[in-house]
Each structure stands twice: as C-alpha cells, then as structure tokens.
Amino acid sequence: MTDDGTGLLTIGELARVTGLTVRTIRYWSDEGALPPVARSAGGYRLYDAASVACLELIRTLRELGLGLADVRRVLAGETTVAQVAAAHVVALDAQIRSLKVTRAVLSTVAKRGSSAEEMTLMNRLARLSATERRQIVEDFMAEVFQGIDTADPDIRRRLRFTAAELPDDPTPEQVDAWVELAELIQDPGFRAQMRQMIEFNAADRGPDVPAGSSLWFMSRLVQLAAEARQRGIAPGAPEADDVLKGLLGDTDRAAVLERLTAASNVRVARYRELQAVVNGLGPQPTYDEEFAWVVAALEARTAG
C-alpha cells in the first residue's frame with residue numbers, strides 16, 4: 001500500500017495481494033480490463049480495494065476461457081456473465097465437434113495408410129462446416145432436379161436424406177463414407193446418371209399420381225421377383241411372362257428395361273450404401289438378385 005495515506009495499491013502490491021504476476025496485471029490494465037483509479041506523482045498506476053475484487057473476477061473469467069474483449073463487456077455492464085458463458089458453450093461445442101472430426105480423420109488415415117495427398121483431401125472435405133456440406137448436397141439436388149416438376153417428391157426426399165450431415169461424434173467409417181459421398185455427388189458423370197433417373201421417373205408420372213408411387217413400384221418389383229426366384233422360375237422361362245405382366249401390365253418393356261438399367265447402376269447403388277453409413281443405418285438390403293432377375297427377364301423379351 002502506498003505511504004501517501006490514500007490506501008491505494010501499486011501494481012506490485014496488487015500482484016502480492018492477488019498472487020498474479022505484475023506482467024499479467026499490467027497487460028490486463030493496458031487492454032482496458034483493469035483501468036487504474038489514479039496515478040502517483042511519478043506516473044505509476046494505482047488501484048483500490050474494488051480493483052482487487054475486479055481483478056479476481058477477471059481472473060475467473062479468463063480461466064473460464066473468455067477473451068479480454070468479452071471481459072471488458074461484462075465489466076462495463078454491456079452483457080452478463082451468463083450471456084457470455086452461453087456464447088462460449090456454443091463455441092466450445094463447435095470446437096469439440098471439430099476435434100472429433102479431426103480424430104476420426106486421423107483414425108481413417110491410419111487405417112487406410114493414406115498418402116499425404118489423400119489425407120489433405122480427406123481433412124479438407126471432412127472439416128467443411130455443416131453449412132458447406134449442406135451446400136454441396138443442395139447444389140447436387142438443384143442440378144439433378146432443375147426444371148423437372150413432375151418427379152415423385154418421395155424420390156427428392158430420399159435422395160437428400162440428411163446426406164450433408166456428419167454426426168457430432170463421427171466414426172472413421174462415417175468420415176470415410178462422407179468423403180467418398182462428397183466426391184461422388186460432385187462428379188459430373190454421376191450427376192448426369194442421376195439426372196437421367198429423375199427424367200425417367202418424371203416421364204412415367206401423370207399429374208394425379210400420388211407421392212411414393214415410385215417406392216411402391218420398387219417394392220412390388222422386389223416382391224414379385226423374389227417369389228419367382230423362390231419358385232425356381234428362370235428369367236427366360238415362359239412362366240416369367242406372367243410375373244412381368246403382374247408387375248408392368250401393358251407398359252413398354254424396352255422403356256422399363258432402360259429405366260431399371262439406369263436405376264441399378266453400380267454408382268447409384270454405391271451412393272445408397274454411403275448414405276446409409278453416414279447416417280449410421282448399417283448395411284441396407286440392395287435386392288440386387290431381384291433387380292437382376294427382372295432385368296434378365298426383360299432382356300430376354302426385348303433382344304433383337
């Protein structure tokens with residue numbers, strides 16, 4: 001305490017009282033968080049008892065991770081500790097999510113023995129923000145559906161199906177799947193394939209066809225083809241005619257074959273697999289045998 005009878009403290013004395021270093025107190029004072037209450041005749045900063053309490057608050061807020069700008073706002077009454085703490089919780093959550101993604105990327109790199117170039121690509125794609133990941137999917141959806149208003153709305157919903165979202169704590173497998181998915185849906189060739197599928201779907205739908213009819217057709221195809229295979233009916237056998245009739249009626253067989261060939265494309269199937277992994281759904285049935293049976297039956301009747 002100074003010997004001028006004012007009861008004020010120098011920085012050195014304030015440091016001894018609080019256990020903080022002179023350097024730290026001077027820095028906080030220089031940054032405006034702890035302005036001196038007075039100056040000595042020699043120009044030294046002086047502080048009072050209230051400064052001690054203020055300094056303890058500053059130390060607590062700094063230990064909680066608040067920057068000096070936020071500390072100044074709290075001390076000036078521009079915001080409350082609770083408001084700043086809530087904002088920091090959001091920021092910390094984002095940092096935690098980022099660290100978890102980084103951990104998953106490194107685990108994937110270790111598992112795959114990735115090169116430096118692959119690791120850079122994986123890290124860049126995996127660490128995109130949720131908004132940036134969503135934008136990749138939105139760009140894909142916009143190009144695939146542009147100008148097509150009659151496609152089944154259920155198809156649009158199923159294609160999007162949260163493919164842009166990695167979970168907060170992704171596994172290495174989910175990071176790996178997201179990276180491959182992001183590369184796939186940005187590939188012009190794949191976009192053209194998906195666009196063709198949507199065009200086929202739209203061309204087959206009348207104005208009064210309810211949403212979900214495309215899914216109903218696929219379910220019917222799987223059911224009838226599975227029953228035919230269980231009965232031992234070969235795709236080229238005469239009995240297969242009745243199966244196709246029950247599925248397609250009088251629809252142009254060649255047109256259906258073209259559409260099923262597009263829908264059963266290997267890259268389209270991979271897209272579905274990756275979506276399932278990203279969304280934590282586990283292995284999903286592909287019904288490859290049922291689709292192959294119907295395709296073979298149609299090829300046997302449309303050849304030449």
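1. What covers the buried residues of helix H1? The cover includes helix H2 (22–30), strand E2 (45–46) and helix H3 (49–63). In H1 the buried residues are Ile11, Glu13, Leu14, Ala15 and Thr18. Buried means under 20% relative accessible area, exposed means over 50%, and partly exposed lies in between (1.4 Å probe, protein chains only). Helices (H or I, at least four residues) and strands (E, at least two) are DSSP runs, numbered from the N terminus. Just after H1, Gly19 takes a positive phi of about 85 degrees.

2. A word on the source. This is a predicted model, in which local features need pLDDT of at least 70 and side-chain atom pairs count only at pLDDT 80 or more, while totals for chains, interfaces and linings use all residues. Residues are numbered from 1 along each chain as its sequence is written, and side-chain values use heavy atoms, with hydrogens and water left out.

3. The overall make-up comes next. The protein has 15 helices and two strands. Of its 304 residues, buried ones make up 36%. Take the contacts between residues at least 6 apart in sequence: 68% of them join residues at least 24 apart. Contact means heavy atoms within 4.5 Å.

4. Thr18 deserves a look. Thr18 sits in helix H1 (residues 11–18). Its relative accessibility is 7%, so Thr18 counts as buried. The Thr18 side chain reaches the backbone oxygen of Leu14 at 2.9 Å. Leaving out residues up to four places away in sequence, Thr18 touches Ile25, Val52, Leu55, Glu56 and Arg59.

5. Ser29 belongs to helix H2. Is Ser29 buried or exposed? At 7% relative accessibility, Ser29 counts as buried. Its side chain makes a polar contact with the side chain of Tyr47 (2.9 Å). A polar contact is a pair of N or O atoms within 3.5 Å; within protein, one must be able to donate a hydrogen and the other to accept it, and residues adjacent in sequence count only if both atoms are side-chain atoms. The Ser29 side chain also reaches the backbone oxygen of Leu34 at 3.0 Å. Beyond residues up to four places away in sequence, Ser29 touches Leu34, Pro35, Pro36, Arg45 and Tyr47.

6. How many salt bridges does the structure hold? There are six. A salt bridge is a side-chain nitrogen of Lys or Arg within 4 Å of a carboxyl oxygen of Asp or Glu. One of them joins Asp70 and Arg73, with the closest N and O atoms 3.2 Å apart. Both residues lie in helix H4 (residues 68–75), three residues apart, about one turn of the helix. An α-helix has 3.6 residues a turn, so residues three or four places apart point the same way. Arg73 is partly exposed, with a relative accessible area of 34%.

7. Another salt bridge pairs Glu143 with Arg191, the closest N and O atoms being 2.7 Å apart. This pair links distant parts of the chain: Glu143 is in helix H7 (residues 130–145), Arg191 is in helix H10 (residues 188–203), and they are 48 residues apart. Glu143 is partly exposed at 39% relative accessibility. Arg191 is buried, with a relative accessible area of 11%.

8. Glu180 forms a salt bridge with Arg270, where the closest N and O atoms are 2.8 Å apart. Glu180 is partly exposed, with a relative accessible area of 30%. Arg270 counts as partly exposed at 33% relative accessibility. Glu180, Arg270 and Glu273 are linked in a network of salt bridges.

9. Now a helix pair. The axes of helix H12 (residues 240–248) and helix H15 (residues 288–302) come within 11 Å and cross at roughly 110 degrees. That makes H12 roughly perpendicular to H15. Axes are lines fitted to C-alpha atoms, for helices over the stretch in contact, and angles run from 0 to 180 degrees between N-to-C directions. Angles under 35 degrees count as roughly parallel, over 145 as roughly antiparallel, 65 to 115 as roughly perpendicular and the rest as oblique. From H12, residues including Ala240, Val243 and Leu247 meet residues of H15, among them Trp293, Ala297 and Arg301.
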